Amino acid sequence: MHKKIVILLMLIVVFVVGCGNNESKDQNVLNIYTFTSFIPDKIIKDFEEETNIKVNLSYYDNNDTMIAKLLAGASDYDILSPSTDYIPFMLNHDLLEKLDKSKLGSTFDNLDDRLKLFEISKTYDEGLNYTIPYSYMATGITVNNKFVKNYEKSADIFLDKKYKGRMAMLDDGREVLGLALQYLGYESDSKDIDELNKAKEKINSWKANIAKFDTNASGKGIASGEFVVVHGYPDVYYEVEKEEEINFDYFIPKGAMMYIDSMVIAKAAPHKENAYKFLEFLYRPENFVEVLKSLRNPSVIKGVEEISEVKPIISVEEILNNSKLPRALDEETKEIQDKIWNEIKLVK
């Protein structure tokens, strides 16, 4: 009997020591859940070398996937990269850690005043207490100017019958409906049926000339020559060689949907201190220049554009003058807008 107790106690000691060792190892890691190719490899490599903290990257293709995983109980992620219209939902469900800004060095002091980030953030995280802006841009239109000449920089470029069948728009109801609503002077989160029907009519007039709604058209589609005008992101610049970039023009039309993706710490993050270390490292101007080189969006950190040989694809002024950051949709509005979008998609 005593022998069994001794063996049991020895097993418990081994288990506890083993757990202690694993925990010690676990404290030297950081788990980031983000978009593919969102954080430059050099940032990860340099951070690991400076801190000896191992960074594990996992990827999601859209915010809904990330949210679903968190709501299902995933608790091993430290840093996430949500878009602004998902942040109110995450705050309401207590998924985000309130930031201790004293652990983030000069990050908030270095935010570029031109971008009006503190003003814009009032719609999703007033005071930026839970989020740090990372990627700042607006959904625009890319034109292959070898084929398209003398065009108006407007969403009504899709009315031009000369390019019928060689144009595409995003397969994304939130983006397309938002553009049409804001183009017409309405709010992108409108649930007013009259406004939505006018937006539907406008989209159908564009749809008459496009080949299809296609989420990949703004990169591979226009780079390959399949399309000459596409609505979406500036992905063509990641697809073509430097000398070919001159053939493309990316502009922000009036009514465009602004987007800001942020860095946040998950409320359930197991390695919060490592998360703070990484974010402080990431937002140092000399490191954030790698983000500009990779994404080519206007930098949220001041001074970065001046020290980078790579410049943004589009100016801050064009984004601010022509686009607006969308508010999150409530359930009722989402249901109404989804219904309108499905009707648009079904029309031949």
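1. Strand 10 (residues 256–265) is largely enclosed by the rest of the structure, because ten of its ten residues are buried, where buried means under 20% relative accessible area, exposed over 50% and partly exposed in between, with a 1.4 Å probe and protein chains only. Ala256, Met258, Ile260, Ser262 and Val264 point one way from strand 10, while Met257, Tyr259, Asp261, Met263 and Ile265 point the other way, and all of these are buried. Helices (H or I, at least four residues) and strands (E, at least two) are DSSP runs, numbered from the N terminus.

2. A word on the basis of these remarks: this is a predicted model, in which local features need pLDDT of at least 70 and side-chain atom pairs count only at pLDDT 80 or more, whereas totals for chains, interfaces and linings use all residues. Residues are numbered from 1 along each chain as its sequence is written, and side-chain values use heavy atoms, with hydrogens and water left out.

3. The pairing of strand 10 deserves a look, two strands being paired if DSSP finds at least two bridges between them. Strand 4 (residues 132–138) runs antiparallel to strand 10 and is joined to it by six bridges, with Tyr136 having Ile260 as its bridge partner. Strand 3 (residues 79–80) is likewise antiparallel to strand 10, over two bridges, and here Leu80 has Val264 as its partner. Strand 11 (residues 323–324), by contrast, runs parallel to strand 10 and is joined to it by two bridges; the partner of Met257 in strand 11 is Lys324.

4. A separate open sheet consists of five strands in the order 7-6-8-5-9, with mixed pairing. Strand 7 (212–213) and strand 9 (248–251) stand at its edges, each with a single partner strand, so one side of each is left without a neighbour in the sheet. Within this sheet, strand 5 and strand 8 (residues 229–232) pair in the antiparallel sense over four bridges, and Gly140 stands opposite Gly232 of strand 8. Helix 6 (residues 173–183) packs on the sheet and touches strand 6, strand 7 and strand 8, its direction making about 100 degrees with that of strand 8. Contact here means heavy atoms within 4.5 Å; axes are lines fitted to C-alpha atoms, for helices over the stretch in contact, and angles run from 0 to 180 degrees between N-to-C directions.

5. Which residues make the contact between helix 7 and helix 14? Helix 7 (residues 193–207) and helix 14 (residues 331–346) pack at an angle of about 30 degrees, with their axes 10 Å apart, and are therefore roughly parallel to each other, a term that covers angles under 35 degrees. The contact is made by Ile193, Leu196, Asn197, Lys200, Ile203, Asn204 and Lys207 of helix 7, together with Ile336, Gln337, Ile340, Glu343, Ile344 and Lys345 of helix 14.

6. In helix 2 (residues 41–51), the buried residues are Ile43, Ile44, Asp46 and Phe47. What covers them includes strand 1 (29–34), strand 2 (54–59), helix 10 (272–282) and helix 11 (285–295). Asn52 follows helix 2 and lies in the loop between helix 2 and strand 2, and this residue has a positive phi of about 65 degrees although it is not a glycine. Asn52 is exposed, with a relative accessible area of 58%.

7. Leu128 is found in the loop between helix 5 (117–120) and strand 4, and at 0% relative accessibility it counts as buried.

8. Two further residues may be checked by eye. Ser218, in helix 8 (residues 217–223), counts as buried at 1% relative accessibility, and, leaving aside neighbours within four places in sequence, Ser218 is in contact with Val230, His231, Gly232, Tyr233, Asp235 and Val236. Asn145 lies in the loop between strand 5 (140–144) and strand 6 (167–169) and counts as partly exposed at 23% relative accessibility. With the same exclusion of neighbours within four places, Asn145 is in contact with Ile246, Asn247, Phe248 and Asp249.

Note on methods:
Angles under 35 degrees count as roughly parallel, over 145 as roughly antiparallel, 65 to 115 as roughly perpendicular and the rest as oblique.
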